Amino acid sequence: MRAQTVDVKTSTGRILCCTIFRPGGRKLLAKGHVLSEEDVRLLETEGLEQVWVTELEDGEVGEDDAVCQAARELGCGCLEIRLAAGGRANLFATEDCCLLVDDELLKQINCVASIVIATGVNFSFAKAGQRIATVKSAPFAVAQSQLEAVINVIRERGPILQARPVRTPAVAVLYTDPTHGDRARQLFESIMHQRLERFGVTPSFVLVAQEEESAVARSLQHLMRAKPTVILVASTTAPAGPEDVIGRGMTHIGCHIERFLAPVEPGNLFLLGYKEEVPVVSAPGCFRSAKPNVVDLILPPMLARYRVSGWEVACLGHGGLLS
C-alpha cells in the first residue's frame with residue numbers, strides 16, 4: 001500500500017486512510033472507504049481541498065474484497081454473508097442451527113497475519129438471524145498470495161464452520177425410577193421442558209418405566225418405532241457404568257455403547273449409545289436442574305442430526321467446567 005495526500009478532485013477510486021469528520025464532530029466518511037465521484041463532490045461541498053488516501057499496489061486485494069472471498073469459503077449450511085464496515089464480513093444463521101467448528105483448521109488460518117476469523121463455539125445452538133462468525137482483514141489491503149493461501153487451505157480441508165439446520169426434530173423422553181417411572185416424570189418433566197425450550201423444541205414422545213432391564217428395553221423399543229431424532233433417558237438413579245440397568249437396557253435392544261463418562265461438570269455420568277442412527281442419552285441428575293450441564297452441550301448437534309462421537313465427547317473437557 002502507498003499512502004499519500006492528493007487533491008480531492010483526483011481522489012476518485014482511492015481509499016481513505018483516516019475517517020473524515022464534519023466541523024461539528026459528525027462522521028462524514030469512514031476510514032477505508034473507497035471514494036466515489038459522489039463522495040468527491042461531497043468533500044468539495046464540505047470545503048476540503050486535499051485528502052489522505054492510499055491505493056492498492058500490484059499483488060494486493062482490497063480489505064472488503066478480501067474478507068468477502070474468505071467468508072465465501074469459510075462456511076456452509078444455513079448462513080448468509082453480510083459485509084460490514086472496517087474490512088469485515090459477518091456470517092449470520094438463516095434458520096435455527098447447530099454450529100460445527102473445525103477448531104484445528106481455525107487455529108491454522110488465524111496464524112496468517114492478514115486475516116483473522118472468529119466463530120461461535122463448536123456444538124453451540126444459534127437462532128435464525130444470529131451472527132455466528134466474522135472475518136476481519138488487515139487495514140486497507142491483503143496480499144493476494146496470503147489470501148490465496150487461506151482459500152486453498154480451506155478448500156483442501158473443508159469448511160471451518162458448518163451451520164447445520166435444526167429442522168423439526170422429534171425428541172423422545174423416557175423417565176425411569178426403581179419404584180415407578182411416574183415418580184421420575186413428576187420430578188423431571190418441568191425442567192425437561194425448560195431445557196428443550198432453549199432449543200425451540202418440546203418432547204414429541206414420552207414414556208415412563210420402572211428401572212429394570214426388561215422394562216427399560218421394552219420402552220426404548222417402543223420409542224424407537226416412532227423414529228425419533230434423539231432419545232433422552234431421565235433416571236432417578238446414577239449408574240456405576242454401562243453395565244447398570246440403563247446401559248443393559250440399551251444393549252438389550254442392540255444399541256452400540258459409544259461413550260460412558262464425560263469430562264463435563266455437571267454431567268460426568270453421561271452415557272451415550274446409538275441404535276442405528278438414533279442417539280440414546282442417559283444423564284442422571286442432569287434433569288433435576290435447569291442450570292447448564294452436559295445435556296445442553298450435546299443436544300444441539302443431535303437435534304441437527306449430527307452423529308456425536310466418543311472422541312468429540314472427550315473433547316468437551318476444554319471448557320467443560322460449567323459450574
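How many aromatic pairs does the structure hold? The structure, which is a predicted model, holds two aromatic pairs. In one of them, the ring centres of F125 and F199 lie 5.4 Å apart and the ring planes stand at 85 degrees, so this pair is edge-to-face. The pair links distant parts of the chain, for F125 belongs to strand β12 (residues 125-126), whereas F199 sits in the loop between α5 (181-197) and β17 (203-210), and the two residues are 74 residues apart. Both F125 and F199 are buried.

| Arginine | Ring it lies over | Distance from the ring centre |
|---|---|---|
| R82 | face of F92 | 4.0 Å |
| R307 | face of Y274 | 3.8 Å |

The packing of two helices comes next. Helix α2 (residues 63-74) and helix α4 (residues 144-157) have axes that come within 9 Å of each other and cross at roughly 5 degrees. Because angles under 35 degrees count as roughly parallel, α2 is described as roughly parallel to α4. On the side of α2, the residues that take part in the contact are A66, Q69, A70, E73 and L74, and on the side of α4 they meet L147, I151, I154 and R155. Sorted by class, this contact of α2 with α4 has six nonpolar residues, one polar residue and two charged residues.

Some features of the backbone also deserve a careful look. Most residues other than glycine have a negative phi, and most peptide bonds are trans. Against that background, F123 has a positive phi of about 75 degrees although it is not a glycine. F123 is found in the loop between β11 (115-119) and β12, and, because its relative accessibility is 4% and the cut-off for buried is under 20%, F123 counts as buried.

The loop between β19 and β20 is the place of L261, a residue other than glycine whose phi is likewise positive, near 80 degrees. Is L261 buried, partly exposed or exposed? With a relative accessibility of 39%, L261 counts as partly exposed, because that class covers values between the 20% and 50% limits.

The loop between β19 (256-260) and β20 (271-275) also holds P266. A cis peptide bond, with omega at about 0 degrees, joins E265 and P266.

Notes:
Residues are numbered from 1 along each chain as its sequence is written. This is a predicted model: local features need pLDDT of at least 70, side-chain atom pairs count only at pLDDT 80 or more; totals for chains, interfaces and linings use all residues. Side-chain values use heavy atoms; hydrogens and water are left out. Axes are lines fitted to C-alpha atoms, for helices over the stretch in contact, and angles run from 0 to 180 degrees between N-to-C directions. Helices (H or I, at least four residues) and strands (E, at least two) are DSSP runs, numbered from the N terminus. Angles under 35 degrees count as roughly parallel, over 145 as roughly antiparallel, 65 to 115 as roughly perpendicular and the rest as oblique. Contact means heavy atoms within 4.5 Å. Ala, Val, Leu, Ile, Met, Phe, Trp, Tyr, Cys and Pro count as nonpolar, Asp, Glu, Lys and Arg as charged, and the others, Gly among them, as polar. Rings of Phe, Tyr and Trp (its six-membered ring) pair if their centres lie within 6.5 Å; planes under 30 degrees apart count as stacked, over 60 as edge-to-face and the rest as tilted. Buried means under 20% relative accessible area, exposed over 50%, partly exposed in between (1.4 Å probe, protein chains only). A charge sits over a ring if NZ of Lys or CZ of Arg is within 6 Å of the ring centre and within 35 degrees of the ring normal.
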